[in-house]
Amino acid sequence: MAEKKIMLGNEAIARGAYEAGVKVSAAYPGTPSTEISENIVKYPEIYAEWSPNEKVAMEVAIGASFSGVRAMASMKHVGVNVASDPLYSVSYAGVNGGLVIVAADDPGLYSSQNEQDSRCVARVAQVPVLEPADSQEAKDYTKLAFALSEEYDTPIMVRTTTRLAHSQGVVALEEREEPADKKYERNPAKRVMMPGNAKGRHVVVEQRLKKMAEDASSMAVNRTEYRDTSIGVITSGIPYQYVREALPDASVLKLGLVHPLPRKMIEEFASKVGTLYVVEELEPLIEEQVRSWGIKVIGKEIFTIQGEYSANMLRKAILKQEIVTKEPAKVPARPPILCPGCPHRSVFSVLNQLKIHGAGDIGCYTLGAVPPLNVIDTTICMGASISMLHGMEKAKGKEYIKDWVALIGDSTFLHTGVNSLMNMVYNQSSGTVIILDNSTTGMTGHQDHAATGRTLKGDPTFAVDLEELCHALGVQHVKVVNAFDTKLLAETVKEEVARDAVSVIIAQAPCALLKSNVSKVKCVALPEKCKKCGMCLKPGCPAITKQADGTVKIDETMCNGCGLCKTQCKFEAIETVPMA
Amino acid sequence: MEQTKSIMIVGVGGQGTLLTSRILGGITTQAGYDVKLSEVHGMAQRGGSVVTFVRYGKEVAEPIVEEGCADVLIAFERLEALRYAHFLKKDGVIIVNDQRIDPMTVVTGAAEYPEQIIENLSKEYQVVAVDAMAEAKKLGNAKVFNTIIIGVAAKRMNFTKEEWLQVIEKTVPPKTVEINKAAFEAGYAGA
């Protein structure tokens, strides 16, 4: 009997890639896709890397595929936007070795800036999509994706959602296949996407999808489960599990291939069932196509386009069941916060005191938007802080941005901030950019990047020097400041925002959660000296709490000894002591 | 057919709910059940309210536990026990680490931390409150408080102590096996 193991959806995708004989994997971290690469790296047979962004990762995978091996790029849904340029065109070129892109959507917005549906991107890019419903399928479909990619000469998207990516289920393991590398033959008509060639390839793409749609009705990955036929449900992915839970007696057409759709199979299913529903999270992609074939179907008129589904939601919407549940207790919200000892808190407390607005970016530091820090005014996407600040200046003039800075993390800066900074220099901006350099990709759980000096495999490598990089882009004024030196930081910010030229402040201090960053000291409050002024509470460190008598207490297990509270106290009522 | 069991592990991001869910996943898989666990990664892990769902049985479909359906609620913090109590079945059990961590809304004065949480929950549910942090400190490592809680929960589940210890040994980092086993024993004995 095959060995069985409980695996996270993402771990199962990594296993699927391993078993499929993948040789190259590239990715940029992003919830909920990060653990794919973190698990792939455990297989020495696979070359795996963190690329600086998803476009680069996609292109690395395309290059590997063209050279004849199986290759994969993984990313979160918004990463697909970054990678969409190569994705749309490699769809025309097709593959040599199997090429798979894993797109991890986030219905419910657990850790994202929007709730987009990557299936829509794939449809426009004319790329087929497989959607697994549990960890076992995550592994199986990843393997299948490589086989289909080679059979139909197309990149394949494996689409997951947070609930699948971060759920664990039982998986039967198999051996790794070692497919022979495909022979490389020069073929510019297929691989050089200039107008004359691309025109011809577009025809091939249409034919390929048509053929696949016809074949889809007999693919095992799409299946019908006939039970009571008064209700029929077309569904795929995690929603399939909710359908099975809520409607165990209903007939189900479970789609594994969600694009292109198996029309013949769907028409036959529709003819055999009474009321037909389509249950899909986010966009009505399946529903609209099915309806366009003249089939009567119920979908988004009773199901939401937002968030995640559940079995109870289906019981209410389809069976009109009244689900009586207890009222949740009215309790204070507990939103995520910056950790104790986080260097971003120090920078934000300085900016807050200087009443500076922050054009923000994507990372833990987005939390600088909420009380009590209230510094970040805008967050759109990776790298946008710098270019948006530039846009504000060009719209309203230099004076308008004298109380603004752009705030971007080190990993995000290397992802897509570099171009924006180059633009500021080129187009004569006078803005100030603060790079919050915590020496890691923090929010996704500490992944290395081009400036950390270490690869995904853990090998030492050249580390990009951010200061030198800024100089090379033409920034004349680059200052490096310790993020916890609040006095120097305040002076530097005042000086640089006043300057009529582009400037960069690199606020450095490692992430408090980095394993290499073990504090030797902790902070202790001295109640006899405390004047109860509350200044130390202002930065919002979770380790400090006000007690009933108005003095403060510092939780010794949470405190990281960063000393930010100490710098806020005018009465020497906080001291640092050696860690026990 | 044996009914599917539903367990929730709730706490504050950073408290180690993921390790606990791995141990629960390990023990149920080892016993041959179909198991699904659903976790929270990413931004919510930064000090926010986090929840992990564990479901096991002959065949498990959805990986989440819905309101009113949980058999056991393991809470690493008092306020989080209160926040998710309505997910429990009528006779559900709450195992709560008797610890208070103020959310930022309380720190900034925008909200008040509720009083008498355990007393109030005890009126409706079977509540087992443990000061696991104090116990863990006695063992010399505050971080293993969650393994003590597992020990307490284990007493109310159908697996043997040896099975639990085996899974703990396989799941926790090698250097911490002994202290985690000791923590489990402490919770198991105290429960």
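**View 1. Ser429(A) is buried, at a relative accessible area of 5%** (buried means under 20% with a 1.4 Å probe, protein chains only). This is a predicted model, in which local features need pLDDT of at least 70, side-chain atom pairs count only at pLDDT 80 or more, and totals for chains, interfaces and linings use all residues. The loop between α16 (410–426) and β17 (432–437) of chain A holds Ser429(A); helices (H or I, at least four residues) and strands (E, at least two) are DSSP runs numbered from the N terminus. Beyond its neighbours within four places in sequence, Ser429(A) has contacts (heavy atoms within 4.5 Å) with residues including His390(A), Glu393(A), Met424(A) and Val502(A).

**View 2. The largest cavity holds about 130 Å³ of space**. A cavity is a set of points on a 1 Å grid over the protein atoms alone where a 1.4 Å probe fits but cannot get out, and lining residues have an atom within 4 Å of a point. A volume is the space filled by probe spheres set on the points, which are joined across faces, edges and corners. Of its 17 lining residues, Gly341(A), Cys541(A), Ile544(A), Cys562(A) and Cys565(A) are the closest to the centre of the largest cavity. In total, eight cavities of 30 Å³ or more are counted.

**View 3. The second largest cavity has a volume of about 100 Å³**. Among the 15 residues lining the second largest cavity, those closest to its centre are Cys530(A), Cys536(A), Val552(A), Cys569(A) and Ala573(A). Residues are numbered from 1 along each chain as its sequence is written, and chains are lettered from A in the order in which they are written.

Note on methods
Heavy atoms only, no water. 1 Å grid on protein atoms, 1.4 Å probe; cavity = no way out; pocket = protein on both sides within 12 Å on 5 of 7 lines; lining within 4 Å. Buried < 20%, exposed > 50% of the residue type's maximum accessible area, 1.4 Å probe, protein only.
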